[in-house]
Amino acid sequence: MLPALLTMVGLAAAAGAAAALATRRSSDNQERLIDEIDALLPQTQCGRCTFSGCRPYATALANSEADINQCPPGGHATAIALAKLLGREPKPVDPRFGSVPVHPLVAWIDESACIGCLKCIQACPVDAIVGASRFMHTVIAEQCTGCELCIPPCPVDCIIMRPAPA
Amino acid sequence: MATGVRGGLRLDAHKERSTEQALRPASAVETLVMPLDQHAGAAAVPLVKPGERILRGQPIAEPGGAISAWLHSPASGTVAAIEPRPAPHRLGAPSLSIVVANDGRDERVAESARQPFEQLAPEQLREIIGRGGIVGLGGAVFPTAAKLSSARKGHDVRLLINGAECEPYISCDDILMRERAHDVVFGARALMHALAAQTCVIAIEDDTPQAASALGAAIADAHDARVQLRRVASIYPAGGERQLITAIFDVEVPSGGLPADVNTVCLNVGTAAAVAHWVRDGQPLTNRIVTITGDGVLEQRNLEVPLGTPLAALIYDCGGYTGRMSRLIMGGSMMGQSLPHDDMPVIKATNCVIAASALDLQPRAAEMPCIRCGNCAEVCPAMLLPQQLHWYALGRNLDELETHGLMDCIECGCCDYVCPSQIPLAERFRDMKPALLERLAARNSADAARVRFDARTARLERIENERLAALAKKRQELAKKSS
């Protein structure tokens, strides 16, 4: 009776430990997959995919909660790369999420119109705008990802998108 | 210790043609053209205006960025114009240049007394070297001061002076080492001081006995045990920076890395001599040694040429073209570039001008399909698989080009040379590099954006937490007061 009981308990414990290990490993794998997806995304952090940034979109993709064609800044190349990585059918970017830019664009502030309100600086997800309250703001063109998030908050509409400098 | 070079080819050197005659200065010319972007990095910014009188050695343009170089006037005279002129490094396309009208009086800037370099701090010496307009004279024309600053701090840095002039036809370094070995050794010692380096190896090929004995004597005269002379097999491209570092120090420069990553700084012998002329004699880089060779020119030799001298004047100086002249090449026969005409100036990168006849050129038949013989992979000194890269270049498959290490290709042309199907492999790889570079740059800027986004997210979170903590503290104090 006792040996049988011990065997059963032992087996149960071993199975439990194995299951716990497997869970941890699969969550490690999941993390790694998210990293790999994130590396393919353009890091504009524009939120056009309906998620709050590139990493949240990567997480949703890894959990099969999003489709591969939701990233307009990445364009078709990114959609194809994602399809390849995730073993899904490649498809073009869904126009509902926005149009694929033909040339890379960056934001540009018309400094003569800027009133120094800080709103664009607060909106910029990648800290690419410099300036201070009541002082002129400007976009660091090399660091701008072209996410366009600074445009709606501007109260004087002094920000436009222009082709990125060569 | 490994002394061999992986891959590579034994080629006919054709160097003896131009080393039989001693070095002599080139004849003076009336007009000198100095392109502002003749070095790697940002173009220089002019310091002079048209019509201004200038002296030889006077700075005429200052660096236009962190990686850029000074330019000095190669002659006394006046600034005739600052305008676009055909430039050899752009294969004849115009490049903004300072045009100097030589008055033939050769008036120099008054030389200020020079401190011996040993009394200067390494940083000071690096700054001085930068002010001499000195760039790598091996062909890459990378500003020397920027290279010296790239060495990692707090490590034992080794200096490698590259005298392995492996490419056929070029002999300007050979003649320099034969005739001015003391300058090379002096420059090497000054560069060691600028780097705070404790070892220096001067590497030369084993088929240059005169250079070896001259350098040996100069090292003995310098009484500096830190400087050694080493010989490498004369296999093309033994003198490639990465190949030479592997041959001498038995370490490999990592893919995508720099020699500084293996604590090595590699500079050409010509650069060392230029450092000597500047640091010891106060002469900035205003002339260099150029090999004029090939069956298409009457007299094959080395000339010491003021920068800005038209190539046509060099050919004239050497007796003019022969009837067999067919193509003008700047550089060696393997990596040189064909030039459309000779109305272009000598720049800091001009080590050799080949007036090639049909005898000098590799006859090229029409390209045939790849038969996957694998000869190219055997000779590739960068340990790449050119036959694979070829397929991916044809298909413009950037992913595979990247994984197969296209960016490690040094464009030496060994693969072309052995290809039985006459495929211009190196040219094809060179054409594909800009597209891949663009993609790598996009990835780098995405990575930088991610770092900034994460930093911003962390910052906003921290600010919010601080706000909440302050609020909680205030609440606690209020509660304490009311109780």
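**Exercise 1. Find which residues of helix 2 (residues 122-131) of chain B are buried, and what covers them.**

Solution. Start with the helix itself: L125(B), R126(B), I128(B), I129(B) and G130(B) are the buried residues in helix 2 of chain B. Keep in mind that this is a predicted model. Buried here asks for 20 or more other C-beta atoms within 10 Å of the residue's own. Finally, step past the end of the helix, where G133(B) follows with a positive phi, near 70 degrees.

**Exercise 2. Get an overview of chain B: how many helices and strands does it have, and what share of its residues is buried?**

Solution. Count the elements first: chain B has 14 helices and 17 strands. Of its 483 residues, 49% are buried. Then take the dimensions: the C-alpha trace spans about 105 × 65 × 50 Å along its principal axes. Last, check how the chain meets itself. Taking the contacts in chain B between residues at least 6 apart in sequence, 72% join residues at least 24 apart.

**Exercise 3. Describe the domains of chain B and the contact between them.**

Solution. The domain assignment gives domain 1 (16-27 + 110-287) and domain 2 (370-483) for chain B. Their centres, taken over C-alpha atoms, are 32 Å apart. The contact brings together six residues of domain 1 and seven residues of domain 2 of chain B. On the domain 1 side, the residues that touch domain 2 are two nonpolar, four polar and no charged.

**Exercise 4. Do the like for chain A, then turn to where chain A meets chain B.**

Solution. In chain A, the domain assignment gives domain 1 (16-97) and domain 2 (105-163). Here 29 Å separate the two centres, again over C-alpha atoms. Six residues from domain 1 of chain A and seven residues from domain 2 of chain A take part in the contact. The domain 1 side of chain A holds two nonpolar, four polar and no charged residues.

Now move to the two chains. Chain A brings eight residues to their contact and chain B brings six residues. The chain A side divides into three nonpolar, four polar and one charged.

**Exercise 5. Trace the largest nonpolar core: which residues have the most contacts inside it, and why does it lie between two domains?**

Solution. The core lies between domain 1 (16-27 + 110-287) and domain 2 (370-483) of chain B because both give residues to it.

Zoom in on L314(B). Leaving aside neighbours within four places in sequence, its contacts include A26(B), V290(B), I292(B) and V353(B). Apart from this core lies another, of 18 residues, among them A107(A), V126(A), C144(A) and A446(B).

**Exercise 6. Work out the order of the six-stranded open sheet of chain B, and say which strands stand at the edges.**

Solution. Reading across the sheet, the order is 1-14-13-17-15-16, with mixed pairing. Strand 1 (24-25) and strand 16 (337-339) of chain B each have a single partner strand, so one side of each is left without a neighbour in the sheet.

Then go through some pairs:

- Strand 13 (residues 287-293) and strand 14 (residues 301-306) of chain B are antiparallel, with six bridges; R288(B) stands opposite V305(B) in strand 14.
- Strand 15 (residues 325-330) and strand 17 of chain B are antiparallel, with five bridges; L328(B) has A355(B) as its bridge partner in strand 17.
- Strand 15 and strand 16 of chain B are antiparallel, with three bridges; I329(B) stands opposite S338(B).

Strand 15 and strand 16 of chain B also form a hairpin with six residues between them, and G331(B) in the turn has a positive phi of about 105 degrees.

**Exercise 7. Explain why strand 2 (residues 31-35) of chain B is largely enclosed, and find its partner.**

Solution. Four of the five residues of strand 2 of chain B are buried, so the strand is largely enclosed by the rest of the structure. Five bridges join strand 2 to strand 8 (residues 94-102) of chain B, and the two run antiparallel. Within this pair, L32(B) stands opposite V100(B).

Terms used. Residues are numbered from 1 along each chain as its sequence is written. Chains are lettered from A and ligands numbered from 1 in the order in which they are written. This is a predicted model: local features need pLDDT of at least 70, side-chain atom pairs count only at pLDDT 80 or more; totals for chains, interfaces and linings use all residues. Domain bounds come from an automatic or database domain assignment. Two residues are in contact if their C-beta atoms, placed from the backbone, lie within 7 Å. Ala, Val, Leu, Ile, Met, Phe, Trp, Tyr, Cys and Pro count as nonpolar, Asp, Glu, Lys and Arg as charged, and the others, Gly among them, as polar. A nonpolar core is a set of buried Ala, Val, Leu, Ile, Met, Phe, Trp, Tyr and Cys residues joined through C-beta atoms within 7 Å. A residue is buried if 20 or more other C-beta atoms lie within 10 Å of its own, exposed if 12 or fewer, and partly exposed in between; C-beta atoms are placed from the backbone. Two strands pair if DSSP finds at least two bridges between them.
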